[in-house]
Amino acid sequence: MLYLNKRNKTQKRMQNELEHEAVVFARYLGAKEISPSLQLRYYKAVETLPLKLNAKETALLKRITRFSFLLPFIDGGLALINTKHGIRKRLLVMFALMETDTMYADMFLTKDVQPFAIIGFFYKGGVAMLKGLAGACLLKCLRWS
Amino acid sequence: MELADYIIIGSGCTGAMAAETLCGNGRSVLMIDAGIEGEISTKHNDDFISKRLHDEHQSEFFLGDAFEALREPVHPNIPQQTPQRAFMNAQTDRFLSIQSNNFFPVESLAFGGLGNGWGLGSYTFSDNELRKCNLPVDEMNNAYKTVAERIGISGSVDDDASAYCHNNLFPIQPPIRLNPAAESLYYKYKKKQKQFTQKGIAIGRPSLALLTKDIDGRKAYGYNDTDFYTNEGNSAYRPYITIHKLINQGILDYKKGWLILSFKEEDNVVSIQCLSIHSQEIKHFHARKLILCSGTLGTSRIVMRSLAGFDQLPVICNAYTYMPMIYLPFVGKQHTGKFSSLAQLAMFYDPDNDHSNVAMASVYNYRSLLNFRIMKQMPLNHADGRKFLQLMIPSLFIAGIFHPATYLQGNTIQLKQSSSVTGDTLFTNYTYIDKEEAMISHTEKVYSSAFRKLSCLVLKKMRTITGGSIHYAGTLPFSDTEKPFHISRNGKLYGTSNVYVADGCGFTYLPGKGLTLSLMAYAHMTASKLLRNE
C-alpha cells in the first residue's frame, strides 16, 4: 500500500512537471493560450515515445524551464552542435502536436500574400542563425551541452 | 493434391499484372502472398487546409494513434513514412533479414507490396533503353499499351517531355492541374526553353497512374492533397485495385499469410514450400507453372534457396539524389485549398540526345507531410523556425533525381545461413566506382544549375544511402544461351522446366527513370508469352 501510494505520488509529480514543461514549450513556440488537451497530449507523447532525458539533459531542461528567455538560444545552439539532444526532440514533439491542433494550426499555415516576404524570410533566417550561434557559445562556455 | 495451372508469388504491381493477364484468359491462378494489410481509406476526405483548420482528430490522422510519425524512421531509406503507410514495411526486418554496411534496400510483405507507396510516375523506356535492358522493343511497346489501358494514365501528349514520358505509345487522360508555384516555374522554363534544350534538358508534365476522368468505378483525382494518407475514390492506381477486382469476379484464388521459401520440380509439377508468417507452420502448394513476382530481391532469395550452385549474384540499383530548393518568387505566398503532393513536373537530362542515358528528375511541392518533418532537419531554433517555415513552405520544391545504373564489379547480394526465422540472411554490397561517381556528380551539377536559372535557391544536394531509389534489378540477367542463374527472353529461369520470373531480375540496365510501368509491362508480356507457348 505504502509502495503504491509512493508510486502514485511520483507519477503525479512527473505529470505535473511535464504539464509545466508543455506550457513553457507551447508559449515559446508562440501559443497565447494553452489548452489542457494539448498538455495532456504532450504528456502522453512523452510517456509513449522514447524521450527520456539523461542527467545532463534534465539539468539543462530545469534551467530553461526556469529561465525561459534562454530557450531560443539554447534550442538554436543545440540545433547547431547536437541535433539529437533530448530537449530538441521534446520541442519537436510539441511543435508537431501544435501543428496538428485546430487551435494552433493557423500559426503554421501561410496567410495572405506578403509583399516583402522575401526580406522577412532572409531576416528571420539570419536572426535565428545568430541566436543559434550565441546559444552554441553559451552551451560550450558553460559546459551545458 | 490441389494443382493450380499457375501460382503467382507476390501481390505487387508485377503480380497484379501477370494475374490479370492469366485470369482474363481463363486460367486457374493461385496467388500466394504474405499479404499484410493496412488501412488506406478510399473515402472522401476534407482538403488538407480544411482538415487542418477544422478536424479535431487530425493529430491521430497525421501523427498516428501512438505518435508513430514522431518515432525515429524504421528504415534509413524511408524517412518520411506516414502512419497510414506503415504496414508496407511491417515485419520485413523479421522475415527478410538483411545485412550490409552500404546498401539498404526497401522491401515489403504488404498486400499490394511497394505499389501502395508508389509515386505513380509511369514512364516508358525508350527503344535504346529497352535494348540496353535486353528487353524486346516491339513486344514491350505493345505491353505498355495494355498496361496503360488497365491502370489509367494521365499526362501531356505534346510537351517537351512527352517523348521521354510515354512517346505517345498509348492514349492518356489530360494531366493534373498544376499547383500555382509549379505553374509559375513551368512558365519560366517555357520562356527560357531554347537555353535548356541546348543543354539537353527538357521539362514537361509527368505521366502518372492517376485518373483525371472517372473510369471503371474509379473516380477522378480530387486535389485534396492527402495523397500520402488516403486514396480517395481509388483515383491513384494501386495493385490492390486489380487483385480485389479479380477476387470479386471469382477468377483469382488468393491465399495470404504465407512467405515463400523455395520451390522444387518433380514430374512436371512445381512444389512451393511456404512459411506461415503467423504460426511458422510449413505448407506446400502445387502448380503446373510458377511465376515469381516477389520483387528483385525477394525472387532472388527464393531462387538462391531453391537452386544450388551460385552463392552470389550481381545487382543493380539507381542512385537517387534529393534536391530541396526554394522558388524565390513564391516565398510567403498563400497556399490554396486544392493542391497536389504528387509530381508536378518531370525533367529529363539527356546528355547524348539519343534517349539512351537519360537521368530524370521529378519535381514536387512540399506541404502535406507537415512542417515538423522539415523543422527536424533545420539548423534553427523551433520558435523562429516555425515563422521561417510559414514563409518558406509555399515556395519549397523537392526534386528527386534518378541516375541510370549498370553492372559494376563487386555490387552483389549473397545469401548466407543465419539464425533468422527463414534460416538465412541476405548480405549485400553496393559501391560506385570513380567513373560512375563522377557521372552522378556531373548530373547533380547540371540539375542544380538548371534550377538556379529558374530562380530556385538550391538548399542541399542529398544523395540517399544506396538502395533509397527502391529500384533493384539484374540479379538473374536475361541470356539467349542457357546458363545457371540467368533467365531466357521469355522469362523462364534456366535450369528449371516450369519456373518463370516476371519482375526486374532480368533487366541488365536500369534507366534513370521511373521503373514501375516497365516492370508491369514486362510482367504482362511474360504472362502473355506463357499463354502463347502453352
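# Pockets, interface and cavities of a predicted model

User: Which elements of chain A each supply at least two residues of the lining of the second largest pocket?
Analyst: The model is predicted, and the pocket in question has a volume of about 480 Å³. Its lining comprises 16 residues, and those nearest the centre are A:Glu17, A:Glu21, A:Thr58, A:Leu61 and A:Arg90. The elements of chain A that each contribute at least two residues to this lining are α1 (2-28), α2 (36-48) and α3 (55-66).

User: How many residues of the lining of the second largest pocket are charged?
Analyst: Glutamate and arginine both count as charged, and A:Glu17, A:Glu21 and A:Arg90 are among the residues nearest the pocket centre. When the lining is divided by class, there are 6 nonpolar and 3 polar residues, while the number of charged residues is 7.

User: What area do chain A and chain B bury between them?
Analyst: The contact draws 46 residues from chain A and 43 residues from chain B. On the side of chain A, the residues that lose the most area to chain B are A:Thr102, A:Thr110 and A:Phe121, which together account for 17% of what that side buries. Of the area buried between the two chains, 66% lies on carbon and sulfur atoms, and the area itself is about 4,000 Å².

User: Which residue of chain B meets A:Glu99 in a salt bridge?
Analyst: Across the interface of chain A and chain B there are 2 salt bridges, alongside 17 residue pairs in polar contact, with both residues at pLDDT 80 or more. In one salt bridge the N to O distance is 4.0 Å, and there the side chain of A:Glu99 meets that of B:Arg52.

User: Which element gives the most to the side of chain A that touches chain B?
Analyst: The elements of chain A that give two or more residues to this side are α2, α4 (71-81), α5 (86-99) and α6 (117-141). By class, this side of chain A has 25 nonpolar, 9 polar and 12 charged residues. With 10 residues, the element that gives the most is α6(A).

User: What is the volume of the largest cavity?
Analyst: The structure holds 4 cavities of 30 Å³ or more. The residues lining the largest cavity include B:Asn179, B:Phe330, B:Lys333, B:His335 and B:Pro394, and by class its lining divides into 5 nonpolar, 5 polar and 1 charged. The volume of this largest cavity is about 70 Å³.

Terms used: Residues are numbered from 1 along each chain as its sequence is written. Chains are lettered from A and ligands numbered from 1 in the order in which they are written. Side-chain values use heavy atoms; hydrogens and water are left out. On a 1 Å grid over the protein atoms alone, a cavity is a set of points where a 1.4 Å probe fits but cannot get out, and a pocket is an open set with protein on both sides within 12 Å along at least five of seven lines; lining residues have an atom within 4 Å of a point. Grid points are joined across faces, edges and corners, and a volume is the space filled by probe spheres set on the points. Helices (H or I, at least four residues) and strands (E, at least two) are DSSP runs, numbered from the N terminus. Contact means heavy atoms within 4.5 Å. Buried area is the accessible area (1.4 Å probe) that two parts lose on being put together, summed over both. A polar contact is a pair of N or O atoms within 3.5 Å; within protein, one must be able to donate a hydrogen and the other to accept it, and residues adjacent in sequence count only if both atoms are side-chain atoms.
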